[in-house]
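I opened my notebook today to look around one protein model, piece by piece. Here is what I looked up, in the order I went.

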Amino acid sequence: MKQQKSLVIIGSGGHAGCVRDIARVAGFQVSGFVDRTRPRGDRVRDLAILGGDELLRDESFINRHQFAIGIGHPLARHRYGEYLLRHGAELPAIVNPSSFVSPDAEVGLGVLLMGMNAVNHGAVVGDFSALDWQVTVGHGARLGKAVFGGPGSRVAGDVTCGDETYLGLGCQVIEKVRIGRGCLIGAGATVIRDLPDHVLAVGSPARVLRDNPPETSADFGPLG
């Protein structure tokens, strides 16, 4: 039997620590972290910083490992994910065994299901998306790339969420609503009508509070 490659996590903050824990529960061997903001050799609990973004330009390093994105920010998740795929990296989905995924659902590359999630029949969870604890995705719902679902958020049937949308803690989206790209949905919000791209929506029922312009900073993706 071919031995599974060890897993390297991009980032080393709080979300990366969660990825480490869930990856181990899901049966992965975790080697360490890639983080350009910390010195090589620094320890994060029981694992080391292996280096910075320069490792992601090393073909042999890419070929020896699998990768998980341990950064919660949707734009950073999207940029690192696309960069890694362009360079031939393997980005497995990491699914806590406590989660339910319908055999008729589609879970993309680099997806994280933290635990006690439900992804129902006909649903699609796009590449690099991360669903925190107890996030549910209704039948036929479609989450774009790098969507982040905060703990306890609920997406009902046939909802569409655009790429890089952030669903805040405990928010709810009712059936057949369409949320645009790059939206930020506040904690506890109830989305009952369609939202355009790049807005912040809060409250119950949710209302648009302001624009949420797309970010362009190099802080949200690999350097070089």
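Before anything else, I wrote down my residue classes: Ala, Val, Leu, Ile, Met, Phe, Trp, Tyr, Cys and Pro count as nonpolar, Asp, Glu, Lys and Arg as charged, and the others, Gly among them, as polar. This is a predicted model, where local features need pLDDT of at least 70, side-chain atom pairs count only at pLDDT 80 or more, and totals for chains, interfaces and linings use all residues. Residues are numbered from 1 along each chain as its sequence is written, and side-chain values use heavy atoms, with hydrogens and water left out.

**Entry 1: the cavity**

A pocket is an open set with protein on both sides within 12 Å along at least five of seven lines, and lining residues have an atom within 4 Å of a point. Grid points are joined across faces, edges and corners, and a volume is the space filled by probe spheres set on the points.

How many cavities of 30 Å³ or more does a search of the whole structure find? I found one. The largest cavity holds about 40 Å³ of space. Its lining is made of Val19, Phe67, Ala68, Ile69, Arg77, Pro92, Ile94, Gly110, Val111 and Leu112. Sorted by class, that lining has eight nonpolar, one polar and one charged residues. Strand E5 (residues 65-69) gives the most to the lining, with three residues. For the labels, helices (H or I, at least four residues) and strands (E, at least two) are DSSP runs, numbered from the N terminus.

**Entry 2: strand E1 and its partners**

Two strands pair if DSSP finds at least two bridges between them. E1 and E5 run parallel and are joined by five bridges; isoleucine 9 has alanine 68 in E5 as its bridge partner. E1 also pairs with strand E2 (residues 30-34), in the parallel sense over four bridges, and leucine 7 stands opposite valine 30 in E2. Between E1 and E2 the chain passes through helix H1 (residues 14-25), and this β-α-β crossover is right-handed. Right-handed means that, with the strands pointing away from the viewer, the path from the first strand over the helix to the second runs clockwise.

Is E1 (residues 6-10) mostly covered or uncovered? Five of its five residues are buried, so I wrote "mostly covered"; buried means under 20% relative accessible area, exposed over 50%, partly exposed in between (1.4 Å probe, protein chains only). Ser6, Val8 and Ile10 point one way from E1, and Leu7 and Ile9 the other way. A reminder to myself: in a regular strand the side chains alternate between the two faces of the sheet.

**Entry 3: isoleucine 22**

Next I picked a residue of helix H1, isoleucine 22. Why does isoleucine 22 count as buried? Because its relative accessibility is 6%. Isoleucine 22 is 72 residues from isoleucine 94 in sequence, and the two are 7.4 Å apart in space, C-alpha to C-alpha. Leaving aside neighbours within four places in sequence, isoleucine 22 is in contact (heavy atoms within 4.5 Å) with Ile94, Asn96, Leu112, Leu113, Met114 and Trp133.

**Entry 4**

Strand E4 (residues 47-51) is mostly covered, with four of its five residues buried. E2 and E4 pair in the parallel sense over two bridges, and valine 34 stands opposite glycine 51 in E4. Strand E3 (residues 43-44) runs antiparallel to E4, joined by two bridges. E3 and E4 form a hairpin with two residues between them, and arginine 45 in the turn has a positive phi of about 55°.

The largest pocket has about 210 Å³ of space. Of the 13 residues that line it, the closest to its centre are His73, Glu164, Gly182, Asn212 and Glu215. The second largest pocket has a volume of about 170 Å³, and its lining includes Val34, Ile10 and Asp219. That lining divides into five nonpolar, three polar and four charged residues.

Note on methods:
On a 1 Å grid over the protein atoms alone, a cavity is a set of points where a 1.4 Å probe fits but cannot get out, and a pocket is an open set with protein on both sides within 12 Å along at least five of seven lines; lining residues have an atom within 4 Å of a point.
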